[in-house]
Amino acid sequence: MAISGLGFTCRPQIPLRNPLFNCVRKVWPSSAAAIEALDEPEDQIKDIDTHNSVRGRVDETVQKWKKLNSKELGISNSMISKPTRKVLNSLKQKGYDVYLVGGCVRDLILKRTPKDFDIITSAELKEVKRTFSWCEIVGKRFPICHVHVDDTFVEVSSFSTGKNRFDGDFSFYSGKPDGCNEKDYIRWRNCLQRDFTINGFIFDPYASLVYDYLEGMKDIRKGKVQTVIPAGTSFQEDCARILRAIRIAARLGFRISRETAHFIKHLSSSVSRLDKGRLLMEVNYMLAYGSAEASLRLLWKFGLLEILLPIQASYFVRMGFRRCDTRSNMLLSLFSNMDKLLAPDKPCHSSLWLAILAFQKAIYDQPRDPLVIAAFSLAVHNGGDISEAVQIARRITTQHDISFPELLEPQNLTSRALKDEMMDLADSVKSVLYGMTDEQVVSQAMAGYSKAPYSDLVFIPLGLYLRVCRVFECVREGELKRSVSKQGSKIDYESLALGALPEIRHIFARIVFDTVYPLNLNHDQTG
C-alpha cells in the first residue's frame with residue numbers, strides 16, 4: 001500500500017500568544033521577566049513530593065487527555081526539517097508508527113525553530129538500523145539510534161526501549177486507565193518519562209494530531225515550566241533536569257512553578273555529580289543558543305552559578321547583585337549582545353562564550369581605558385594587525401558606556417603605551433583562562449563568602465582551553481605571525497558553530513564593541 005509522504009505546503013500560522021512566538025525575527029522576552037520564576041500562590045507547599053501530589057489520579061487521567069489538530073495550531077509539515085521528514089517517511093513506509101516527541105513539538109506549537117527533532121517509533125531499534133544504510137545505536141542505559149542523513153543525524157528512539165525506563169517508583173502509574181486503548185496507553189506511558197509537561201507532547205504528522213496527555217498546552221498558555229512527576233523525585237532521578245529547567249525557562253521566558261523552583265533550590269548542589277562532559281554540554285545549551293543572559297540570571301537566582309561558575313558568581317556578589325536583581329552589569333550586557341546574534345538553529349561554538357567570560361573577568365580584575373578595549377578587539381578581529389587596530393581605534397568618536405566599572409576614563413595613551421596595554425590584556429585573558437581550569441583557583445573564588453557552597457568544579461577540557469587561547473594569541477604575536485582575518489561582515493553560522501577562528505574573532509569583537517560603545521546609549525549614562 002502506498003503511503004504519501006509529508007507535505008511541504010505552508011499554512012498561515014495562528015499564534016497562541018503574543019509575538020513571543022514569532023520565529024521570523026526574534027522578539028525575546030526581557031531577562032528581567034525571565035527571572036521572576038515563582039508563579040504559584042505563596043501558600044505553604046504541601047505534600048509536594050508524595051504520590052498524592054501528582055496532578056490527577058490515574059482514574060481521572062483519560063478525561064484530561066487531549067488530541068489537538070496540528071493544523072489549527074498552525075503547524076505545517078514544512079516546518080519539520082528535511083532530514084527528519086526523510087526518516088519519518090522511510091519508517092512510515094515500512095509500516096511503523098512514527099511520531100515527533102518532546103521539545104521540538106513544543107517549539108512548533110510556539111512558532112519557534114526547534115534546536116533539533118526527536119522521533120519515536122513502534123519499530124525496534126534493530127529494525128530502525130536495518131531500515132537505514134548509515135545508522136548506529138548509541139547509549140547503554142537509554143539506547144537510541146542516530147540516523148545519518150546528508151551532513152547531519154536524526155535521533156530515533158523506540159517505544160519498546162522506553163517501556164523499560166520506569167526504574168523509579170512509578171507504582172502509582174501501574175494501572176491502565178479506564179477507557180484507554182492500547183496505543184494511547186503506550187504513548188501516555190512514554191510521556192510520563194518526560195522531564196516537563198511542556199515537553200510531553202507527541203505529534204503524528206500524518207494524522208495531523210498532537211497528543212497532549214500531561215496538560216502541556218495548559219502550562220504553555222500559562223508560560224510555566226513544571227515537572228511531570230513530583231519535582232523532588234524527578235530531580236533526584238536525573239539532576240540534569242535542574243539545568244534543563246533553567247535552560248527552558250530562560251529560552252522561552254517562562255516561569256518556573258513553585259514546586260519545581262523549590263526543589264531546584266534545595267537540590268542545586270546535586271548537579272556537581274554530573275560528569276564534566278555532561279556539564280559542559282548543558283552549560284553550552286544555556287549559553288550558545290541565544291538565551292545566555294537570561295540563563296545567567298536564573299543560574300544566579302537559584303544558587304547554581306556559584307556551583308558551576310564560581311568565578312563569575314563572585315563577580316555578581318562584588319557587584320552587589322541580589323538574587324532577583326533586574327539591573328545589568330558588563331557580563332550580562334556582553335551576553336545580551338551575543339544573544340542578539342544567535343538562535344536555537346544558529347548557535348555558536350563554546351569557545352565564544354568562554355572567551356567572553358575570560359575577557360570580562362580580566363578587565364574587571366584590571367579595568368582598562370576604553371581605547372585599549374577597542375584596539376584590542378580590533379586586533380583580535382583582524383588577526384593581529386596591531387598598527388591598523390590602533391589607527392582605527394583612535395578614530396572612534398562614540399561615547400563609551402560609563403556605567404561599567406571595568407572601563408576607566410580615557411587617559412590619552414601614547415601609541416606605545418596603548419600597544420603595551422593591549423599585550424598586557426592578552427596576557428591577563430590567558431591567565432584568567434588558566435584559572436578557570438585550575439581547581440584551586442576556582443575553589444577560592446567564593447571562599448570569602450561564608451554562605452556560599454564550596455565548589456572546585458572545573459568542566460572546561462584542555463582542548464577548549466587551548467582553542468580559546470588561540471582566539472587571543474594573535475594579539476600577542478602581532479605582525480610577527482598574523483592570522484587570517486574574516487572577510488566581510490555577514491555571519492557564517494556554520495563556521496561559527498564549528499568554532500572557526502576568524503568567525504569567533506569577528507563575533508567576539510562585534511559583541512565587545514556593541515557593549516562598550518552601545519548605539520542606544522542614553523544621556524543618563526553619558527553624564
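The lining of the second largest cavity has 10 nonpolar residues, one polar residue and no charged residues. This is a predicted model, in which local features need pLDDT of at least 70, side-chain atom pairs count only at pLDDT 80 or more, and totals for chains, interfaces and linings use all residues. Residues are numbered from 1 along each chain as its sequence is written, and side-chain values use heavy atoms, with hydrogens and water left out.

**The cavity**

- A search of the whole structure finds two cavities of 30 Å³ or more. A cavity is a set of points on a 1 Å grid over the protein atoms alone where a 1.4 Å probe fits but cannot get out.
- The second largest cavity holds about 80 Å³ of space. Its volume is the space filled by probe spheres set on the points, which are joined across faces, edges and corners.
- Its lining residues (those with an atom within 4 Å of a point) include Leu308, Gln312, Met436, Val442 and Phe459.
- Helix α15 (residues 310-318) gives the most to this lining, with three residues.
- Nonpolar covers Ala, Val, Leu, Ile, Met, Phe, Trp, Tyr, Cys and Pro; charged covers Asp, Glu, Lys and Arg; the others, Gly among them, are polar.

- Helices (H or I, at least four residues) and strands (E, at least two) are DSSP runs, numbered from the N terminus.
- Five of the six residues of β5 (residues 144-149) are buried, so the rest of the structure largely encloses this strand. Buried means under 20% relative accessible area (1.4 Å probe, protein chains only).
- β4 (residues 135-138) pairs with β5 in the antiparallel sense over four bridges. Strands pair if DSSP finds at least two bridges between them.
- Cys135 stands opposite Val147 in β5.
- Five residues lie between the strands in the β4 and β5 hairpin, where Gly139 takes a positive phi near 90°.
- β5 and β6 (residues 152-158) run antiparallel, joined by five bridges. His146 stands opposite Glu155 in β6.
- The hairpin of β5 and β6 has two residues between the strands, and Asp150 there takes a positive phi near 55°.

- α7 (residues 182-191) is mostly covered, with seven of its 10 residues buried. Among them are Tyr185, Trp188 and Cys191.
- At the start of α7, a side-chain oxygen of Asn181 comes within 3.2 Å of the backbone nitrogen of Lys183.
- In α17 (residues 350-365), the end C-alpha atoms are 23 Å apart, which agrees with the 22 Å that 16 residues should span at 1.5 Å a residue. The expected span is 1.5 Å times one less than the number of residues.
- 14 of the 16 residues of α17 are buried, so α17 is largely enclosed by the rest of the structure.

Methods. 1 Å grid on protein atoms, 1.4 Å probe; cavity = no way out; pocket = protein on both sides within 12 Å on 5 of 7 lines; lining within 4 Å. Buried < 20%, exposed > 50% of the residue type's maximum accessible area, 1.4 Å probe, protein only. Polar contact = N/O pair within 3.5 Å; in protein donor to acceptor, adjacent residues only side chain to side chain.
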